[in-house]
Amino acid sequence: MMRLVDALNFSSKRILVCGGSDGIGYGVASAFADAGASVAITGTRPRDSYENDFSLFTFHQLDVQDADAIRSLASQFDSLDVLVNCIGAVLWKKGEFERAGFEQILSINLSGAMQLCTDFYPTLCKSRGCIVHIDSVASINAAVNNPAYSASKAGLVQLTRALAKKWGHSGVRVNTVAPGMVPTKMTQNQSGPEAEARFSATNPISRFGSPQDIAGAVLFLASPMSAYVTGQQLVVDGGLTL
Ligand SMILES: NC(=O)c1ccc[n+]([C@@H]2O[C@H](COP(=O)([O-])OP(=O)(O)OC[C@H]3O[C@@H](n4cnc5c(N)ncnc54)[C@H](OP(=O)(O)O)[C@@H]3O)[C@@H](O)[C@H]2O)c1
């Protein structure tokens with residue numbers, strides 16, 4: 001039987017972090033690489049267009065609105081232990097109140113997530129692997145200017161529960177992590193020093209979160225430490241939703 005102190009050694013594991021090109025996903029991918037894993041990441045643009053250092057990773061270009069591209073990516077993996085879905089998008093300036101904008105966000109945050117799960121499921125079955133999504137506290141607290149984002153993230157939580165129930169028998173666990181506020185390019189219009197001071201004054205843990213804070217939860221859910229945990233949302237928000 002494995003000792004729990006060895007559970008965070010991922011050295012024989014193959015991990016795919018979809019949306020690992022930047023922000024939280026990049027932090028998650030870096031943490032897995034640091035734990036010895038072989039890590040692949042995706043981003044929407046060609047590899048050379050990013051400033052982040054991808055030398056520790058294999059890179060794949062992927063837009064999850066393209067069903068064929070997801071299918072093609074899955075066909076390139078003959079083995080996989082952990083699928084992490086950090087992909088997420090949001091529209092500002094009331095874009096999510098238009099039908100086209102609403103559907104675009106649902107397509108990226110929810111339909112794309114579903115197809116990633118179904119297309120990688122056969123490979124994950126072989127390893128009795130697991131899936132970890134990144135949803136959001138917007139699945140709990142309504143994001144008043146982002147109805148599509150809120151709805152898609154709430155949907156992702158229930159998708160996690162449904163797939164966990166369906167696939168538990170085959171040894172595939174499915175869980176999701178709900179970050180609070182983490183400065184990234186997605187949140188750059190909400191995360192300057194003044195915003196952080198306001199946030200820190202009221203949030204129980206008096207600071208914004210970091211990609212590493214989220215990575216800790218993802219590694220836990222991808223490790224044997226959580227072998228009996230499936231279908232769960234782990235909120236990592238410094239107490240924001242209390
Ligand atoms: N930051 C926060 O405070 C916060 C809070 C709660 C939840 N989240 C969630 O955390 C996850 C990571 O977000 P982040 O804050 O790290 O934002 P980010 O830095 O903008 O990263 C988003 C990732 O998703 C990818 N992506 C966007 N649209 C895509 C598409 N159509 N197809 C495939 N990939 C796409 C991006 O690729 P490119 O780099 O090529 O654009 C990037 O890798 C998201 O699910 C987000 O909703 C973030």
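This is a predicted model: local features need pLDDT of at least 70, side-chain atom pairs count only at pLDDT 80 or more; totals for chains, interfaces and linings use all residues.
Helix α3 (residues 99-127) and helix α4 (residues 147-167) approach each other, their axes coming within 9 Å and crossing at roughly 15°. Because angles under 35 degrees count as roughly parallel, α3 is classed as roughly parallel to α4. The crossing of these two helices, α3 and α4, is right-handed. On the α3 side, the contact involves Gly 101, Phe 102, Ile 105, Leu 106, Asn 109, Leu 110, Ala 113, Met 114, Cys 117 and Tyr 121. The partners in α4 are Ala 148, Tyr 149, Ser 152, Lys 153, Gly 155, Leu 156, Leu 159, Leu 163 and Trp 167. By class, the residues of this contact comprise 14 nonpolar, four polar and one charged.

Ile 205 lies in the loop between α5 (193-202) and α6 (211-222). With 13 other C-beta atoms within 10 Å, Ile 205 is partly exposed, since a residue counts as exposed at 12 or fewer and as buried at 20 or more. Apart from neighbours within four places in sequence, Ile 205 is in contact with Gly 238 and Gly 239. A separation of 28 Å is found between the C-alpha atoms of Ile 205 and Ala 148, which are 57 residues apart along the chain; Ala 148 is one of the α4 residues that meet α3.

How values were computed
Residues are numbered from 1 along each chain as its sequence is written. Axes are lines fitted to C-alpha atoms, for helices over the stretch in contact, and angles run from 0 to 180 degrees between N-to-C directions. Helices (H or I, at least four residues) and strands (E, at least two) are DSSP runs, numbered from the N terminus. Angles under 35 degrees count as roughly parallel, over 145 as roughly antiparallel, 65 to 115 as roughly perpendicular and the rest as oblique. A crossing is left-handed if the near helix is turned anticlockwise from the far one by less than a right angle, and right-handed if clockwise. Two residues are in contact if their C-beta atoms, placed from the backbone, lie within 7 Å. Ala, Val, Leu, Ile, Met, Phe, Trp, Tyr, Cys and Pro count as nonpolar, Asp, Glu, Lys and Arg as charged, and the others, Gly among them, as polar.
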